[in-house]
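Hi there,

Here is the structure I said I would pass on to you. Have a look at it first, and then read my notes below.

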Amino acid sequence: MSAIRFLTGITPSGTPHLGNYVGSIRPSVQASRRADVESFYFLADYHALIKIDDPARIQRSTLEIAASWLAAGLDPDRVTFYRQSDIPEITELTWLLTCVTGKGVLNRAHAYKAQVDKNLAAGVDTDADVSAGLFMYPVLMGADILMFNAHQVPVGRDQVQHIEIARDLASSFNHRYGEHFTLPEAAIEEAVATLPGLDGRKMSKSYDNSIPMFASSKELKKLIAGIVTDSRAPGEPKQVEGSALYQIYQAFASEAESAALRQAYADGISWADAKEVLFERIEREIAPMRATYVALMADPGKIEGILLAGAAKARKLSAPFAARLRHAVGLRNLRSQAEARPEKTVKAAQPTFKQYREADGKFYFKLADAQGRVLLQSGAFDSPKDAGQSIRMLQSESASALAGLGAWVQRADGVTPDDVASALAQLQASALSNQA
Ligand code: TRP
């Protein structure tokens, strides 16, 4: 079974609301528990700089969003949960990608184009209010995705173009410098409907119609009381079609519960009672998480520690990968030329694959790190050729190939997937430097 790598970023620009919970946080936390999924979630704080110039707001939002994801059940031991700005390799990769990005591609990117169109309509300079950051936004996002070779990127429809741009950048880079990047795909959750807000339009901070995910019970009740309904009196049958209240209920309720409310509508439930039903249902799901959220918000140091640990985990992948990319483009240690000369300089120790035959007549291999610790042990192969083929797969595709080899190749006790990934990355980097 090969693990699919999911990666998604959340821009810390505000306070999470129930629409974010239903549309992104809840499905992502669920997906992160799947055995066949390896997830990367991060706070895209460099992206926040593009639209927010209030430092305190970025800091506050980063804290709130991190606390919300953790309270919703994201397990930082299971996933890689980090803050973009803790990974310097991302900005470094942004530049490498910038140099393979056609300016014309960025001219056509929606976020930039929307501002240009607005300027044209207003009869002002086309680039009024356009920072180079806004223009470069898709490249930074491409670096986020390609740095970790994500396969699937769960995003809203508005972000699909950015994933396409990331694919294009990956192809251009691979074309020039060899196969380094996986081509990512957008994963759009068709099943998740967008949640309506208090006024019936899509719940969004910019419409000022949202319900904060962790409003207190009292606030939640008050906000729900403000959901727009029609003027039907108690006792009059009501319609679920077009009822924001009903749609919000559906996003939390089981099918049976939704059917019961639908019936109650037909039977003439009062709007006040329907709102009470909605309040109780949301409260049932959110209240236990709220307690965790409140505790986390009171302990920012704990969240900081979790994010830093996540960054350390992420950098085990990004640091060796960035080294390999630097080498690929020609940002190289000048000594590597001397190393290629016959007068032999001492080579740094490298991880190694060892192929061997056992008394049973079968063929096996091991991967050991530079210090000689065994990282991987293969099962039995009938021929040396088969064993060699698996080794080559591991060498070329690294950690994702390991998942493909499944039970055939086992990690030794105490060895983490990151240990393996970094040894493989080291081997790849040195293979590249030998070619040079
Ligand atoms: N731009 C995305 C948004 O505003 C956030 C984001 C940044 C992102 N980097 C990403 C999403 C990488 C997915 C993958 O929603």
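How do the residues of the shell around the ligand divide into nonpolar, polar and charged? They come out as 8 nonpolar, 5 polar and 1 charged.

Some ground rules before the rest. This is a predicted model, so local features need pLDDT of at least 70 and side-chain atom pairs count only at pLDDT 80 or more, while totals for chains, interfaces and linings use all residues. Residues are numbered from 1 along each chain as its sequence is written, and side-chain values use heavy atoms, with hydrogens and water left out.

Back to the ligand. It has 14 residues around it, and the closest are Gly9, Thr11, Tyr137, Asp144 and Gln159 (a residue is near a molecule if one of its heavy atoms lies within 4 Å of it). Asp144 has a side-chain N or O atom 2.7 Å from a nitrogen atom of the ligand. For Thr11, a side-chain N or O atom is 3.3 Å from an oxygen atom of the ligand. Gln159 places a polar side-chain atom 3.3 Å from a ligand nitrogen. On its own the ligand exposes 360 Å², and the protein buries 88% of that (areas come from the Shrake-Rupley method with a 1.4 Å probe). Strand E1 (4–10) and helix H7 (132–147) are the elements that give two or more residues to the shell, and H7 supplies the largest share, 4 residues. Helices (H or I, at least four residues) and strands (E, at least two) are DSSP runs, numbered from the N terminus.

Next, helix H8. Buried means under 20% relative accessible area, exposed over 50%, and partly exposed in between (1.4 Å probe, protein chains only). Just after H8, Gly178 takes a positive phi of about 100°.

Now for the charged pairs. The structure holds 18 salt bridges (a side-chain nitrogen of Lys or Arg within 4 Å of a carboxyl oxygen of Asp or Glu). In one of them, the closest N and O atoms of Arg60 and Glu64 are 3.0 Å apart. These two are 4 residues apart in helix H3 (residues 55–71), so about one helical turn separates them. Arg60 is partly exposed at 46%, whereas Glu64 is buried at 7%. Another joins Arg373 and Asp419 (3.2 Å, N to O). Arg373 lies in the loop between strand E7 (363–368) and strand E8 (374–378) and Asp419 in helix H17 (residues 417–435), so the pair ties together parts 46 residues apart in sequence. There is also a network of salt bridges linking Arg83, Asp86 and Glu304.

Last, some backbone angles. Most residues other than glycine have a negative phi. Asn149, in the loop between H7 and strand E4 (152–154), has a positive one of about 45° and is buried at 18%. Asp208 also has a positive phi, near 55°, but Asp208 is exposed at 71%.

Cheers

Technical notes
A polar contact is a pair of N or O atoms within 3.5 Å; within protein, one must be able to donate a hydrogen and the other to accept it, and residues adjacent in sequence count only if both atoms are side-chain atoms. Ala, Val, Leu, Ile, Met, Phe, Trp, Tyr, Cys and Pro count as nonpolar, Asp, Glu, Lys and Arg as charged, and the others, Gly among them, as polar.
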